[in-house]
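Here are my notes on the model you sent over. Have the picture open while you read, and go through the points in order.

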Amino acid sequence: MRYKIALLKTDEGYSVSVAGLPGCWSQGITEEEALQNIQDAIQEYLAVRDGLLEGAVVREIEVTP
């Protein structure tokens, strides 16, 4: 699965967040390290989300603007 990320160069290195996963962010000294760290963060985020949804009925709804 692919996710859009926002990568920001900072004084300390790189900060990275995932637009589609609120609160999912990480950082790294190098761009490569930040990208690896966000991959790990996404996997952990999804594991926690799946655990919270265990036993729940999951549905989709359409929202019109």
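1. Let's begin with a term: a salt bridge here is a side-chain nitrogen of Lys or Arg within 4 Å of a carboxyl oxygen of Asp or Glu. How many salt bridges does this rule give? The count is 1. The partners are R49 and D50, whose side chains come to 3.1 Å, N to O.

2. Before going on, some housekeeping. This is a predicted model, where local features need pLDDT of at least 70 and side-chain atom pairs count only at pLDDT 80 or more, while totals for chains, interfaces and linings use all residues. Residues are numbered from 1 along each chain as its sequence is written, and side-chain values use heavy atoms, with hydrogens and water left out.

3. Now the overall layout. The chain has 1 helix and 3 strands (helices are DSSP runs of H or I with at least four residues, strands are runs of E with at least two, numbered from the N terminus). Along the sequence you'll read β-β-β-α. The radius of gyration (taken over C-alpha atoms) is 15 Å, well over the 11 Å of the globule rule for 65 residues, so the chain is more spread out than a compact globule. That rule is 2.2 Å times the number of residues to the power 0.38. The C-alpha atoms fill a box of roughly 45 × 30 × 20 Å along the principal axes, and buried residues make up 20% of the 65 in the chain.

4. On to the sheet. The 3 strands form an open, antiparallel sheet in the order β1-β2-β3 (two strands pair if DSSP finds at least two bridges between them). The edge strands, each pairing on one side only, are β1 (5–10) and β3. β1 and β2 are joined by 6 bridges, whereas β2 (residues 13–18) and β3 have 4. Look for S15 in β2: S15 is the bridge partner of L8 and also of Q27 in β3.

5. T10 sits in strand β1 and counts as partly exposed at 25% relative accessibility. T10 and G28 are 18 residues apart in sequence and 9.9 Å apart in space, C-alpha to C-alpha.

6. Last, the helix. α1 (residues 31–53) lies across β1, β2 and β3 and runs at about 150 degrees to β3. Contact means heavy atoms within 4.5 Å; axes are lines fitted to C-alpha atoms, for helices over the stretch in contact, with angles from 0 to 180 degrees between N-to-C directions.

Key: Buried < 20%, exposed > 50% of the residue type's maximum accessible area, 1.4 Å probe, protein only.
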